[in-house]
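Biologist: Please show me the protein, and let us then go through it by question and answer.

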Amino acid sequence: MAPVPGSGLAKGLAVTLRTMTKKTVTAQYPDAQPELPPRTRGVIGLFEENCTVCMLCARECPDWCIYIDSHKETVPPAAPGGRERSRNVLDRFAIDFSLCMYCGICIEVCPFDALFWSPEFEYAETDIHELTHERDKLREWMWTVPAPPALDPAAEEPKEIAAARKTADKLAAEQAARAEAAEAEAAQAKAAETKAAETKAAETEAGAAQADPAQGDPAQADPAEGGQAAAPGEPSAPPGQPTAPPGQPEPPAAPPSGPQEGQS
């Protein structure tokens with residue numbers, strides 16, 4: 001069936017008419033920042049602590065826009081009798097964004113998660129040489145990298161987090177054991193001090209009793225008074241005669257039972 005002459009023009013005019021009836025929405029950039037998706041390829045950030053200078057990113061880059069310099073350092077043995085090891089130390093890590101085509105291959109091939117995408121895109125320069133970002137500038141872009149999406153609640157915990165949690169629990173248990181041992185030692189020391197103080201007090205009382213014979217000699221105690229000794233220089237009461245308690249007058253003496261003078 002042959003098309004109707006002018007049908008294409010009619011369709012185009014219909015699209016124009018529909019668009020004319022809609023309200024225009026314009027993003028007022030830079031006053032209003034655009035909402036970018038989380039995986040936007042804006043700029044590359046460097047997490048320097050994870051970089052081992054393996055050179056994979058520089059070798060796999062199609063544009064050869066990554067520059068890396070390093071040197072070797074000797075690491076002493078971890079245990080006595082071991083051998084020394086050598087490691088690479090990063091001296092320079094730079095990316096020339098005037099050559100980068102934002103393919104993301106360097107981020108994908110990095111085996112130690114040292115490179116990340118940041119959604120920041122406002123780094124235009126008037127001088128092309130300023131588009132070569134050194135490692136300090138790449139480290140600043142790390143603070144703009146969004147957090148990774150949340151894991152599925154039913155997903156298995158990552159091995160790195162499980163290992164870190166296990167190590168933290170082990171350290172916490174060791175610290176708790178050391179704290180308990182310290183508390184036990186403190187309690188034992190306190191008990192020993194208390195026992196020593198009690199022993200010293202008992203020895204002091206025994207020495208005082210030996211120095212005062214009136215308190216330590218039971219022969220001078222009055223058996224009628226439950227062992228209370230008479231004061232030195234005072235006559236003791238005869239047997240069978242009660243003595244007045246302290247602070248009261250003595251009772252009158254009993255008259256003799258024999259014949260007295262002047263009586264017939």
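Modeller: First, a definition: rings of Phe, Tyr and Trp (its six-membered ring) pair if their centres lie within 6.5 Å, and planes under 30 degrees apart count as stacked, over 60 as edge-to-face and the rest as tilted. This is a predicted model, in which local features need pLDDT of at least 70, side-chain atom pairs count only at pLDDT 80 or more, and totals for chains, interfaces and linings use all residues. Residues are numbered from 1 along each chain as its sequence is written, and side-chain values use heavy atoms, with hydrogens and water left out.

Biologist: Which residues do ring pairs link into a cluster?

Modeller: The structure holds five aromatic pairs. One of them, between Phe97 and Tyr102, has its ring centres 6.2 Å apart and its planes at 25°, and is stacked. Ring pairs join the following residues into a cluster: Phe97, Tyr102, Trp117, Tyr123 and Trp141.

Biologist: Does Phe97 count as buried or exposed?

Modeller: Buried means under 20% relative accessible area, exposed over 50%, and partly exposed in between (1.4 Å probe, protein chains only). Because its relative accessibility is 5%, Phe97 counts as buried.

Biologist: How does Tyr102 count, and at what relative accessibility?

Modeller: The stacking partner of Phe97 is Tyr102. Tyr102 counts as partly exposed because its relative accessibility is 26%.

Biologist: What is the bridge partner of Val43 in β4?

Modeller: Helices (H or I, at least four residues) and strands (E, at least two) are DSSP runs, numbered from the N terminus, and two strands pair if DSSP finds at least two bridges between them. Strand β1 (residues 43-46) is covered on both faces, with Val43 and Gly45 buried on one side and Ile44 and Leu46 buried on the other. β1 and β4 run antiparallel and are joined by four bridges. In β4, Val43 has as its bridge partner Ser118.

Biologist: Which element supplies the largest share of the lining of the second largest pocket?

Modeller: On a 1 Å grid over the protein atoms alone, a pocket is an open set of points where a 1.4 Å probe fits, with protein on both sides within 12 Å along at least five of seven lines; lining residues have an atom within 4 Å of a point. The second largest pocket has 15 lining residues, with Pro38, Arg39, Ile107, Phe116 and Trp117 nearest its centre. At least two lining residues each come from α3 (105-109) and β4 (115-118). The largest share, three residues, is supplied by β4.
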